[in-house]
Amino acid sequence: MSTTPPALPVRGAGYLRHFHRSHEDYAARLQQVGGKADVYELLSFHFFNEMDQIEPFAKRLGKPIILHSYAYALGNPTRPARGIRDRLQELVRRGGAVAISEHICVTGPPETYCGTFLTPPGTDEQTAVLIENARLLKQESSCPVVLENAVQFYNQIGPRSIGKQMREVCEAADVGVLLSLSNVSFSDPYHPMDKEAFLAELPLERVQEVHYFLGHSEEQRAPGLEGMVREMVWQQKTLEALARRPEFRPAVVVFELDATTTLAEPEKLRDHMEMARDLFFRDAAGRGGK
Amino acid sequence: MSLEGVHRFLTVFLRNPAMRADILRGVSDDQLRSLGVDDPELPLVRAIDLNVLYRSARGLADERRGRRRQEFTQFIDYLEQFIPMEPFWEGFEQAYPSGTLHRMEEVRRFSDYATRFLLESPLPPFLLDLMQFNLHTTSLSEAPRVQIEGALDDDAIGDMVLPSDEIALREPYRVVEFRCDVIRIASQSLSQLGGPPPYQPTTLFIQKDWSQPKTARAIPLEELPMFRHLRERALVHDRIAQFDRRLAYSLIGHLRELAHRGIIHVFRKA
């Protein structure tokens with residue numbers, strides 16, 4: 001079993017950039033406070049209606065891009081539609097994406113689509129479907145693939161936990177792991193995950209990308225959001241602890257900005273990207289960060 | 001064993017309020033079979049903690065409502081000043097218990113539901129106009145740009161529109177008639193308006209905004225006096241010739257402004 005999936009041809013810190021007016025304004029404010037991304041992750045569905053826009057947009061960003069996708073709906077037993085898979089691969093070509101990030105999830109039968117990226121059951125049959133579809137995704141992709149853990153929307157059914165299933169799928173399909181600390185935290189209101197057990201089950205050497213959520217500081221202080229603040233502390237401590245593990249060397253750390261209604265302050269993103277560079281992308285002499 | 005039975009159970013519970021209530025009251029194996037759960041899957045479905053799944057259903061419904069609120073912001077902001085919103089949302093979720101991966105399909109469903117709701121209620125008619133305004137702006141913001149070969153990029157237009165240039169409105173766009181001044185209503189609150197607005201027929205030119213991602217703009221048609229002359233691609237010279245000669249200079253200036261605002265395409269001979 002390989003423990004070294006195809007490497008991502010990019011290193012650094014960045015954020016999930018929406019193809020949306022609000023993010024245009026945000027990028028200008030980030031620049032004003034001296035924040036720079038080394039990489040951007042784009043939502044593929046933003047371009048499904050406007051395929052011709054990804055190329056000029058990627059060119060304007062001027063940094064490597066990763067395409068975030070649900071096109072392959074990896075947990076669904078029916079093969080994902082040819083048309084939507086082709087569109088994703090076409091976006092990869094047009095945008096020059098360096099990687100595809102997909103969800104280990106179920107979206108439900110076509111007539112009753114569930115409206116989210118649902119936790120797959122932990123059964124043998126489900127795991128086999130995930131592996132088959134992940135192999136198909138890898139086979140059809142001209143760039144490396146990483147797979148993201150889902151939010152735990154209900155208790156574990158079947159013998160596999162989210163972490164154990166993720167290990168099996170990523171190893172069998174020989175693809176990288178996108179460790180979403182965000183989704184671990186976002187599980188809290190539904191079915192809180194056993195975080196330590198989950199991290200212990202993950203193949204850390206396969207983690208090539210990390211998702212980390214940020215919210216707006218003022219909104220986070222609102223009554224009822226104490227849990228979010230607690231989770232942010234957990235994320236930071238966890239990332240720092242993982243950075244001390246020699247086998248944990250992600251290629252990119254991507255911040256998600258919309259945990260609150262207002263996007264996280266640009267200063268906050270700037271500082272967190274610096275933190276990620278310090279943890280993973282600078283050598284002892286301070287080289288390698290942007 | 002088929003996985004689809006478990007998936008169908010999960011999605012039905014998460015999406016369908018009536019079915020969810022039935023399941024929470026207690027569901028027999030035969031009822032589960034009628035949902036497509038086969039016998040080997042029954043123990044898996046029975047192992048699902050419905051209290052947890054109920055919390056997820058509520059969270060996902062809130063997410064769905066949040067997305068519709070982003071698309072129909074002004075309509076929903078006004079509507080919630082007239083009625084309690086929970087029955088409105090529950091009615092929508094029950095009317096469309098299956099999901100879709102296509103956002104515009106969800107937008108269409110919501111607008112159909114909201115239209116029926118408004119027509120069957122004694123609510124002020126301006127709400128229907130506002131909902132349609134949000135529908136058109138959302139649809140156009142998502143619609144693809146209609147590219148035409150040879151059209152100049154924004155930064156290549158320069159300071160002048162030349163008489164020998166060709167011009168045409170950028171597409172997609174729509175011209176829509178409303179029964180009230182929806183632009184003013186959308187930018188104000190009910191208290192600022194001082195009550196439901198009066199009947200005031202308004203025609204808007206609503207166009208995909210090429211300068212920003214996922215955006216549309218709305219302009220009163222009266223601010224585009226040359227509108228009917230811009231629908232077909234034509235020489236600037238020919239368009240100006242249709243007006244009084246004394247207006248030529250100001251028309252050139254008007255066309256330059258439309259070009260710089262991204263409302264029209266400009267085609268220039270090399």
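Reply: Let's start with A:Val146, which is buried because 26 other C-beta atoms lie within 10 Å of its own (buried takes 20 or more, exposed 12 or fewer, partly exposed is in between, and C-beta atoms are placed from the backbone). Keep in mind that this is a predicted model, where local features need pLDDT of at least 70 and side-chain atom pairs count only at pLDDT 80 or more, while totals for chains, interfaces and linings use all residues. Residues are numbered from 1 along each chain as its sequence is written, with chains lettered from A and ligands numbered from 1 in the order in which they are written.

A:Val146 sits in strand 5 of chain A, residues 145-148 (strands, E, at least two residues, and helices, H or I, at least four, are DSSP runs numbered from the N terminus). What does A:Val146 touch, not counting residues up to four places away in sequence? The list is A:Ala99, A:Ser101, A:Val175, A:Gly176, A:Val177, A:Leu178, A:Gln208 and A:Glu209 (contact takes C-beta atoms, placed from the backbone, within 7 Å). Then there is A:Ala7, 139 residues away along the chain, whose C-alpha atom is 10.0 Å from that of A:Val146.

One of those contacts, A:Val177, deserves a stop of its own. Leaving aside neighbours within four places in sequence, A:Val177 is in contact with A:Val146, A:Leu147, A:Met166, A:Cys170, A:Leu202, A:Pro203, A:Arg206, A:Val207 and A:Gln208. Now zoom out: A:Val177 and A:Leu147 have the most contacts inside the largest nonpolar core, a set of 98 residues (a core is made of buried Ala, Val, Leu, Ile, Met, Phe, Trp, Tyr and Cys residues joined through C-beta atoms within 7 Å). Helix 1 of chain B gives the largest share of this core, 6 residues. Apart from that core lies another, of 35 residues, including B:Tyr78, B:Phe133, B:Val182 and B:Val236.

Helix 1 of chain B also turns up where the two chains touch. That contact takes 31 residues from chain A and 35 from chain B. On the chain B side, the elements giving two or more residues are helix 1 (4-15) and helix 5 (50-71), and helix 1 of chain B supplies the largest share, 9 residues. By class, the chain B side divides into 16 nonpolar, 10 polar and 9 charged residues (nonpolar is Ala, Val, Leu, Ile, Met, Phe, Trp, Tyr, Cys and Pro, charged is Asp, Glu, Lys and Arg, and the others, Gly among them, are polar).

Back in chain A, have a look at A:Phe48, in the loop between strand 2 (39-43) and helix 2 (54-61). A:Phe48 counts as partly exposed because it has 19 C-beta neighbours inside 10 Å. In sequence A:Phe48 and A:Leu91 are 43 residues apart, yet C-alpha to C-alpha they are 8.3 Å apart in space.

A:Leu91 also belongs to a helix pair: A:Ile54, A:Glu55 and A:Ala58 in helix 2 of chain A meet A:Leu91, A:Arg94 and A:Gly95 in helix 3 of chain A. That contact has 3 nonpolar, 1 polar and 2 charged residues. The axes of helix 2 and helix 3 (82-95) of chain A are 8 Å apart, and the angle is about 40 degrees (axes are lines fitted to C-alpha atoms, for helices over the stretch in contact, with angles from 0 to 180 degrees between N-to-C directions). So helix 2 of chain A is oblique to helix 3 of chain A (under 35 degrees is roughly parallel, over 145 roughly antiparallel, 65 to 115 roughly perpendicular, the rest oblique).

Most residues other than glycine have a negative phi, and most peptide bonds are trans. A:Ala73, in the loop between strand 3 (65-69) and helix 3 of chain A, has a positive phi of about 35 degrees. B:Lys214 also has a positive phi, near 50 degrees, and lies in the loop between strand 3 (202-208) and strand 4 (216-220) of chain B. A:Ala73 is buried, with 25 other C-beta atoms within 10 Å, and B:Lys214 is buried with 20. As for peptide bonds, B:Glu171 and B:Pro172 are joined by a cis one, with omega about 10 degrees. You'll find B:Pro172 in the loop between strand 1 (166-169) and strand 2 (173-178) of chain B.
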